[in-house]
Amino acid sequence: MIGLGLLGLLAAIVIHLGWADSSRAALQAPDAQVHLLPAALAQWQDPQQQGDYFDQIKVTRVGYLIWSQFPVKVYAQPAPESLPLIQEKWPQAVDQAIQAWQAYFPLEVTTDPNQANISISAVDPTQRSQGRIRSAETRFKLYVDDQQRLAHRFTIQVRANQTETYIAAAVRHELGHALGIWGHSQLKTDALYFSQVRTPPPISARDMNTLKRVYQQPTRLGWPVQSSDAAP
Ligand SMILES: [Zn+2]
């Protein structure tokens with residue numbers, strides 16, 4: 001669950017960032033600006049004011065990890081054939097997690113991996129090459145999209161030898177990271193609590209309050225990259 005790879009984050013940015021690459025040296029990062037909130041988030045209210053954990057959210061070099069093209073498209077890979085026991089429960093658990101977020105955020109399932117903003121896959125922990133994965137791991141890469149905007153893409157890997165409930169909870173948690181909650185809650189009652197718990201909680205008001213605050217922040221993502229050739 002905690003496999004954020006935060007230490008690997010900076011390295012990932014340097015490797016994948018267009019303007020750090022000599023072949024694209026002419027591109028410059030856009031300035032960080034605020035996007036319009038998606039309607040579902042704009043409408044989110046918490047009349048009981050249960051608070052948030054926004055102070056735990058990490059800011060990356062590109063700013064907050066905010067989507068600005070909606071709906072965000074999610075692709076779930078089929079379970080690996082080496083795990084016959086989860087062939088059915090895997091897609092069910094993933095659907096359950098996606099549906100939980102769809103109540104609050106414009107997410108859409110796609111069957112085309114090339115269209116995906118977020119890809120979710122099951123990892124067979126008995127395969128040696130995958131041996132070090134924890135309960136789940138989420139990473140992002142940056143790229144420049146076909147409209148010359150700085151964009152990001154997430155991959156989520158979930159250890160598949162868990163019960164359906166735990167798989168769903170792990171995917172729900174990791175989707176929270178992929179939607180922009182790039183940090184953890186200190187409360188067990190939040191889906192983004194830093195550790196796995198016996199009875200996994202649903203998405204909480206505090207999760208939503210945090211996500212909404214994230215989307216009110218500036219980001220370089222979603223804005224056009226600038227060509228330094230155009231400068232005088
Ligand atoms: Zn986590």
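A residue is called partly exposed when its relative accessible area lies between the 20% under which residues count as buried and the 50% over which they count as exposed. By that rule Arg-213, at 36%, is partly exposed. The legends below describe close-up views of a predicted model.

**View 1. A salt bridge joins the side chains of Asp-52 and Arg-213.** The N to O distance in this pair is 3.3 Å, and the count of salt bridges in the model comes to 4. Asp-52 belongs to the loop between helix H2 (39–43) and E3, whereas Arg-213 sits in helix H5, so the bridge ties together parts that are 161 residues apart in sequence.

**View 2. Asp-190 and Arg-206 form a salt bridge.** The closest N and O atoms of the two residues are 2.8 Å apart. Because Asp-190 lies in the loop between H4 and H5 while Arg-206 is part of helix H5, the pair ties together parts separated by 16 residues in sequence. Both Asp-190 and Arg-206 are buried.

**View 3. Arg-149 pairs with Asp-145 in a salt bridge.** Here the closest N and O atoms lie 2.9 Å apart. Arg-149 has a relative accessible area of 15% and is therefore buried, the cut-off being under 20%; Asp-145, at 13%, is buried as well.

**View 4. The largest nonpolar core holds 55 residues.** The members that touch the most others are Trp-90, Trp-101, Phe-105, Ile-118, Ile-120, Leu-175 and Leu-211. At least two core residues come from each of strand E3 (72–76), helix H3 (89–102), strand E5 (118–123), strand E6 (136–144), strand E7 (150–159), helix H4 (164–179) and helix H5 (205–215), and H4 contributes the most, with 7 residues. Setting aside neighbours within four places in sequence, Trp-90 is in contact with Gln-77, Pro-78, Ala-79, Ile-120, Ser-121, Ala-122, Val-158 and Ile-167. In soluble globular proteins, nonpolar side chains tend to be buried together.

**View 5. Strand E3 pairs with strand E4 and with E5.** E3 and strand E4 (residues 107–109) run parallel and are joined by 3 bridges, with Val-74 having Val-109 of E4 as its bridge partner.

Note on methods: Residues are numbered from 1 along each chain as its sequence is written. This is a predicted model: local features need pLDDT of at least 70, side-chain atom pairs count only at pLDDT 80 or more; totals for chains, interfaces and linings use all residues. Side-chain values use heavy atoms; hydrogens and water are left out. A nonpolar core is a set of buried Ala, Val, Leu, Ile, Met, Phe, Trp, Tyr and Cys residues joined through side-chain atoms within 4.5 Å. Buried means under 20% relative accessible area, exposed over 50%, partly exposed in between (1.4 Å probe, protein chains only). Helices (H or I, at least four residues) and strands (E, at least two) are DSSP runs, numbered from the N terminus. Contact means heavy atoms within 4.5 Å. Two strands pair if DSSP finds at least two bridges between them.
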